[in-house]
Amino acid sequence: MAVSHRLFRPATKTVKNTLSSFFIRSLSSSSSSSSGPSLDPKIDLEEAAAQLEKSSSSSPSPSPSPYKGRNFHWVFLGCPGVGKGTYASRLSSLLGVPHIATGDLVRDELSSSGLLSSQLKELVNQGKLVPDEFIISLLSKRLEAGKEKGESGYILDGFPRTVTQAEILEGVTNIDLVINLKLREEALLAKCLGRRICSECGANYNVACIDIKGDNKDSPRMYMPPLLPPPNCESKLITRADDTEEVVKERLRIYNIMTQPVEEFYRKRGKLLEFELPGGIPESWSKLLRALHLENDKESAMA
């Protein structure tokens, strides 16, 4: 299978164990602490889970979404770079429920003066793992805030990543559906290597033009056009330090080891929807809506 991968514009600059925690890379620019982090003994996993159960049991309130009569408790799975955040955000707008990314929760906490902030900074600065207790505590706080605002559901992005995390989540809230986004490995690799970020505004772009020649009907052609920056961002593009072929391949290998058991966990419960992305957003979005039985709404078809 031939793969054409062109870069339109070059960058101007270049609980308790490791399998039950997140690795958060380069989330803070704060200076490293010389002493190792000391986890707050008051942060208890069972207590945090109890808080999450309380916050997730809120009654739904009216929503402007055409789906306001329904609650959506969905999870997005998928390899790094597959586009979980993009599709979760689109569905969030369509369904009228928040898109909650655990990576964003960690970043928000790092920039705050909250109780967990200093301990998280030490962990991140030292390149260490963020324990489940922290993630559950942050998620609990986010859902409690949503309860106060009358939110009726959520789309989780980045959690769970291990069976342990999935079991914790299952014990405190009822997940309706787990959407597992898949993309051909050669396309995923090219997509990750093409990622660029504007150093000034923080917007994300992709300079890769991916054109995979199909061999047969089971392996059709895949075309994903680049997402190029506007003129004011062109000269400010940078590449993530860890977006190299070697690092991306290793990241995907580790992800598959950690996440395959999670896929099986939800598959056995009849909650897993596997969706193979056929191409870029224009081609994939309408097909994803059909897979989710949302295609009959005219507004969704136009989104």
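Let's start with a pair of helices: H3 (residues 102-110) packs on H5 (residues 132-149) at an angle of about 90 degrees, and their axes are 10 Å apart. Helices here are DSSP runs of H or I with at least four residues, strands are E runs of at least two, and both are numbered from the N terminus. Axes are lines fitted to C-alpha atoms, for helices over the stretch in contact, with angles running from 0 to 180 degrees between N-to-C directions.

Who does the touching? On the H3 side the contact uses Thr102, Leu105, Val106 and Glu109, and H5 brings Ile135, Leu138, Leu139, Lys141 and Arg142 (contact means heavy atoms within 4.5 Å). By type, that contact has five nonpolar residues, one polar and three charged.

Before going on, some housekeeping: this is a predicted model, where local features need pLDDT of at least 70 and side-chain atom pairs count only at pLDDT 80 or more, while totals for chains, interfaces and linings use all residues. Residues are numbered from 1 along each chain as its sequence is written, and side-chain values use heavy atoms, with hydrogens and water left out.

Now the other pair. H2 (residues 84-95) and H10 (residues 281-291) pack at about 55 degrees, with axes 12 Å apart. That angle makes H2 oblique to H10. From H2 come Thr86, Tyr87, Arg90, Leu91 and Leu94; from H10 come Ile281, Ser284, Trp285, Leu288 and Leu289. The H2 and H10 contact splits into seven nonpolar, two polar and one charged.

On to the core. The largest nonpolar core has 65 residues, and Trp74, Leu91 and Ile179 touch the most other members. Such a core is a set of buried Ala, Val, Leu, Ile, Met, Phe, Trp, Tyr and Cys residues joined through side-chain atoms within 4.5 Å. Skipping neighbours within four places in sequence, Ile179 is in contact with Trp74, Val75, Phe76, Leu77, Leu91, Leu273, Leu288 and Leu292. There is also a second, separate core of five residues, including Cys198, Tyr205, Val207 and Leu237.

| Residue | Relative accessibility | Class |
|---|---|---|
| Tyr154 | 4% | buried |
| Ile238 | 25% | partly exposed |
| His293 | 67% | exposed |

Tyr154 sits in strand E6 (residues 154-157). Not counting residues up to four places away in sequence, Tyr154 touches Phe72, His73, Trp74, Val97, Pro98, Ile100, Leu143, Thr173 and Ile175.

Ile238 belongs to strand E12 (residues 237-238). Ile238 and Ile197 are 41 residues apart in sequence, with a C-alpha to C-alpha distance of 5.4 Å.

Phe159 and Pro160 are joined by a cis peptide bond, with omega about 5 degrees, and Pro160 is in the loop between E6 and helix H6 (163-172). His293 has a positive phi of about 60 degrees despite not being a glycine; His293 is in the loop between H10 and helix H11 (298-302).

Terms used: Buried means under 20% relative accessible area, exposed over 50%, partly exposed in between (1.4 Å probe, protein chains only). Angles under 35 degrees count as roughly parallel, over 145 as roughly antiparallel, 65 to 115 as roughly perpendicular and the rest as oblique. Ala, Val, Leu, Ile, Met, Phe, Trp, Tyr, Cys and Pro count as nonpolar, Asp, Glu, Lys and Arg as charged, and the others, Gly among them, as polar.
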